[in-house]
Amino acid sequence: MVEFRLPPALAEQARRFAAEGGVPVEPRLASTVVLLREPFEVYLLRRVPTMAFAASMYVFPGGGVDPRDAAVQPDWAGPSPAQWASRLRLEESVARSVVCAAVREVFEESGVLLAGADVDTVVGDVSGPDWERARLALIARELGFAEFLTRNGLVLRSDLLVPWSRWITPEFEPRRFDTYFFLAALPEGQVTRDVGGEADDTVWCAPAEAADGRFTMLPPTTWTLTEVAEAGSIEAALAAASGRDPADAIRPV
């Protein structure tokens with residue numbers, strides 16, 4: 001068992017939930033991506049204070065699964081949806097939606113696109129105005145991710161994601177998520193961008209430094225950073241993922 005000190009507001013929320021006999025809400029399916037770059041740094045963004053979940057906390061890019069992530073099948077590279085389903089112990093359509101959400105969210109929240117013209121390539125710089133218009137349309141849900149990929153002649157590079165863990169938000173939270181965590185290395189030629197919206201700060205930092213208490217985080221972020229830091233390098237972290245069970249849910253109490 002590992003113990004974490006909760007931020008005061010969350011601790012009070014937990015005590016109130018227990019005292020009042022609160023009923024937990026059903027967690028929503030979500031994906032998040034631990035984006036890494038040389039020399040072994042991780043990308044974090046800070047949620048704006050007005051967010052209903054993780055307000056003012058440093059987090060990895062991520063968010064809830066869009067229904068269209070499951071309903072539409074984009075062109076695909078890497079492990080098949082059936083193979084992802086086996087790895088994540090999910091139904092095939094659900095596994096596909098979780099992977100799609102991971103790629104979509106990291107593009108929406110950092111401007112990094114894990115896709116290419118074919119199974120062997122990845123797009124380069126995607127910071128131009130056309131890409132930015134598409135990114136904003138995705139955020140506004142005016143454009144589906146599969147449609148976006150098709151319009152640009154791209155395939156989703158699921159092989160650039162490595163499954164790492166699964167966390168389910170504690171029962172006392174009014175907004176709960178069943179979140180799959182993935183690792184991904186920043187593609188060559190791409191850069192993260194402070195794209196605003198739901199974040200008011202972004203930072204690249206060594207995983208060990210990011211986990212040392214200098215940033216306000218929820219326990220899943222701190223714990224994931226500690227685990228990744230122990231690997232010592234991006235290559236070692238990606239390799240270590242193969243020995244983990246990303247479907248075994250961590251349920252903090």
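The dialogue below goes from the backbone to helix packing and then to salt bridges.

Modeller: This is a predicted model, in which local features need pLDDT of at least 70 and side-chain atom pairs count only at pLDDT 80 or more, while totals for chains, interfaces and linings use all residues. Residues are numbered from 1 along each chain as its sequence is written, and side-chain values use heavy atoms, with hydrogens and water left out.

Colleague: Which peptide bond is cis?

Modeller: Most peptide bonds are trans, and most residues other than glycine have a negative phi. Here the bond from glutamate 38 to proline 39 is cis, with omega near 0°. Proline 39 sits in the loop between β1 (28-37) and β2 (41-47); helices (H or I, at least four residues) and strands (E, at least two) are DSSP runs, numbered from the N terminus. Phenylalanine 40, found in the loop between β1 and β2, has a positive phi of about 55° although it is not a glycine.

Colleague: Is phenylalanine 40 buried or exposed?

Modeller: Buried means under 20% relative accessible area, exposed over 50%, and partly exposed in between, with a 1.4 Å probe and protein chains only. Phenylalanine 40 has 13%, so it is buried.

Colleague: At what angle do helix α3 and helix α4 pack?

Modeller: Axes are lines fitted to C-alpha atoms, for helices over the stretch in contact, and angles run from 0 to 180 degrees between N-to-C directions. Angles under 35 degrees count as roughly parallel, over 145 as roughly antiparallel, 65 to 115 as roughly perpendicular and the rest as oblique. Helix α3 (residues 81-88) and helix α4 (residues 92-110) pack at about 90°, with axes 8 Å apart, and are therefore roughly perpendicular.

Colleague: Which salt bridge does arginine 47 form?

Modeller: A salt bridge is a side-chain nitrogen of Lys or Arg within 4 Å of a carboxyl oxygen of Asp or Glu. The structure holds 19 of them. Arginine 47 pairs with glutamate 109, the closest N and O atoms being 2.8 Å apart. Arginine 47 lies in strand β2 and glutamate 109 in helix α4, so this pair ties together parts that are 62 residues apart in sequence. Both arginine 47 and glutamate 109 are buried.

Colleague: Which residues are linked in a network of salt bridges?

Modeller: The network links Asp66, Arg104, Glu105, Glu108 and Arg141. Arginine 141 also has a positive phi, of about 60°, and is found in the loop between α5 (129-139) and α6 (145-151).
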